[in-house]
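Have the 3D view ready.

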Amino acid sequence: MQPWRRTFLVLPPDSVLHPFTPTACAFHSDPATNTSTADFDNLSSLVRALWRPLILPITEPSFTTYDGETKRLPPESELAHRSSLGSRILILDVDTRPHVGDGEVFNPATPPHWSNLDIHSAGFLSHSLYAMIHGYSYKFVRAPAYADRAPHWVKVIFTQEMLKEYEYVVMVDFDAMFTNPAVPIEWLMNYWRIDDPVMVAMAEDPHGGGNADRKGNMNLNSGFIIAHQSDNAQRLFKDWAECPEETRYPGCARYKNVMFHEQSAFSSFVRYDFLDGLTVEKSPGKEMIRHIPCSEANGGPLPDGKGWFGNCRGQFVRHLWGGKGLTPQQLADGIMQAFVPLLGNVFTKAQTVVDYRGSKLEGDQIKDKSAP
């Protein structure tokens with residue numbers, strides 16, 4: 001199996017999704033955006049070579065975020081991940097929109113350019129790039145919509161479906177982007193203590209703003225999900241997809257089309273079947289559902305350095321729900337984090353730099369030439 005392959009899950013346009021049985025589907029290489037498998041293999045190799053000197057080792061004891069906060073891993077004896085999981089990790093985009101306009105990834109006539117890059121496509125490309133950097137699998141699911149509920153719900157059924165094939169599925173909304181692409185998922189899972197007992201991990205929503213569930217606890221945001229393959233995980237996603245049918249959760253049908261849709265359904269109903277009370281304060285390593293701090297995987301920085309709603313700073317994952325137009329800039333930031341250090345290193349060490357600073361200039365003469 002190749003370390004990284006861009007694939008698209010293509011479903012018939014007239015498909016209708018049922019609560020937990022996805023329509024039969026086939027994997028294709030998309031002719032509108034691919035020229036050949038070799039091109040992607042070559043690009044993947046090039047990207048990995050460029051980023052290799054910058055990638056944070058999975059067991060590196062600490063990492064300093066963009067805002068100067070040092071994050072430390074648990075003791076080495078407690079680390080669940082010591083080497084790359086490679087293609088066993090899937091980075092997943094799921095979307096019902098066509099994305100065929102100007103600057104969009106599926107435009108049949110013209111691929112997107114930087115000058116007109118659509119905000120959705122910027123997010124998709126950043127996820128694809130992140131998978132390339134670390135040798136993960138990547139898939140974009142072009143999904144049909146449910147007939148009876150908001151399109152947001154499709155992420156649930158397709159995350160469940162992909163967990164049948166991959167050990168970990170990292171589902172990301174288009175506006176959720178990795179702040180520093182050099183930080184691998186395995187390091188983050190070590191830091192967040194995502195190991196065998198944990199089925200799913202999501203970031204908390206900001207405090208305030210109507211973000212509490214029916215019991216007054218903070219919602220978990222479904223724009224960034226780390227899901228771990230297991231029988232319990234399959235049950236969780238099945239229950240979640242069926243929630244609006246109210247066979248198990250009376251009152252859940254309201255979230256078919258009411259904000260925050262599948263996110264509210266999970267936070268108000270489904271998660272409590274897998275928690276002994278709300279386990280935010282439970283001993284680390286014993287939760288089946290991991291709550292990630294809002295400061296680390298939600299929101300983003302404001303010009304004053306503070307996070308959205310005070311603390312949601314997106315230190316590891318920026319979920320730009322309050323500034324979706326920022327996705328092209330975040331894509332550029334991620335790329336420049338790699339290229340600027342490499343360019344700077346080559347620039348200062350290459351033979352193109354000639355040092356005449358010890359020479360004396362008189363008229364059209366260079367005297368006491370000190371340069372070679």
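Over which ring does the charged end of Arg-149 sit? That would be Tyr-146, with the charged end 4.2 Å from the ring centre. Arg-149 also has its charged end over the ring of Trp-153, 5.0 Å from the centre. (A charge sits over a ring if NZ of Lys or CZ of Arg is within 6 Å of the ring centre and within 35 degrees of the ring normal.)

A quick note on the basis: this is a predicted model, where local features need pLDDT of at least 70, side-chain atom pairs count only at pLDDT 80 or more, and totals for chains, interfaces and linings use all residues. Residues are numbered from 1 along each chain as its sequence is written, and side-chain values use heavy atoms, leaving out hydrogens and water.

Rings of Phe, Tyr and Trp (its six-membered ring) pair if their centres lie within 6.5 Å; planes under 30 degrees apart are stacked, over 60 edge-to-face, the rest tilted.

| Pair | Centre to centre | Angle between planes | Type |
|---|---|---|---|
| Phe-63 and Trp-187 | 6.1 Å | 65° | edge-to-face |
| Phe-63 and Phe-316 | 6.0 Å | 35° | tilted |

Ring pairs join Phe-63 into a cluster whose members include Tyr-130, Trp-187, Phe-224 and Phe-316.
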